[in-house]
Amino acid sequence: MCVLVLLDLSSAFDTVDHDTLLQVLNRRFGIDGLALDWCRDYLSDRTQTFQSGSLQSGPHTVSCSVPQGSVLGPKKFVAYTEDLVEVVNQHQLGHPSPVRR
């Protein structure tokens with residue numbers, strides 16, 4: 001069995017779910033207490049405004065994504081995706097199954 005995983009990282013930061021990220025930080029990295037509260041505050045109540053020419057819409061509440069152009073954004077994205085190997089192993093995608101004839 002062969003598994004091919006293709007990732008389009010052009011908008012990857014926009015796909016990070018805040019609740020899932022906070023769970024990953026807590027469960028996989030042991031971040032809790034004030035540090036987890038700080039991360040939750042950092043991600044919560046974020047808004048985004050869109051502008052095209054002179055037209056502007058927003059602000060719109062953002063419930064996913066990590067802030068781009070920040071120091072923490074890439075680190076939070078890596079934390080969010082670092083367990084990809086575990087997902088592959090959990091679903092036995094990395095182990096060839098016996099061929100049945």
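## Ala79 and its contacts

Setting aside neighbours within four places in sequence, Ala79 is in contact with Val24, Leu25 and Phe29. Keep in mind that you're looking at a predicted model.

## The nonpolar core

Ala79 and Leu25 turn up again in the largest nonpolar core, which has eleven residues. H2 gives the most, with four residues.

## His18, tucked away

Now hop over to His18, which lies in helix H1 (residues 18-27). Is His18 buried or exposed? His18 counts as buried, because its relative accessibility is 7% and the cut-off for buried is under 20%.

What does His18 touch? Not counting residues up to four places away in sequence, His18 touches Leu43, Val62, Ser63, Cys64 and Ser65. With Leu43, a polar atom of the His18 side chain lies 3.5 Å from the backbone oxygen.

## One salt bridge

Search the whole structure and you'll find one salt bridge. The side chains of Arg40 and Asp37 meet there, at 3.1 Å from N to O. Both sit in helix H2 (residues 33-43), and because they are three residues apart, about one helical turn separates them.

Arg40 counts as partly exposed, at 37% relative accessibility. Asp37 is partly exposed too, with a relative accessible area of 37%.

Note on methods: Residues are numbered from 1 along each chain as its sequence is written. This is a predicted model: local features need pLDDT of at least 70, side-chain atom pairs count only at pLDDT 80 or more; totals for chains, interfaces and linings use all residues. Side-chain values use heavy atoms; hydrogens and water are left out. A salt bridge is a side-chain nitrogen of Lys or Arg within 4 Å of a carboxyl oxygen of Asp or Glu. Helices (H or I, at least four residues) and strands (E, at least two) are DSSP runs, numbered from the N terminus. Buried means under 20% relative accessible area, exposed over 50%, partly exposed in between (1.4 Å probe, protein chains only). A polar contact is a pair of N or O atoms within 3.5 Å; within protein, one must be able to donate a hydrogen and the other to accept it, and residues adjacent in sequence count only if both atoms are side-chain atoms. Contact means heavy atoms within 4.5 Å. A nonpolar core is a set of buried Ala, Val, Leu, Ile, Met, Phe, Trp, Tyr and Cys residues joined through side-chain atoms within 4.5 Å.
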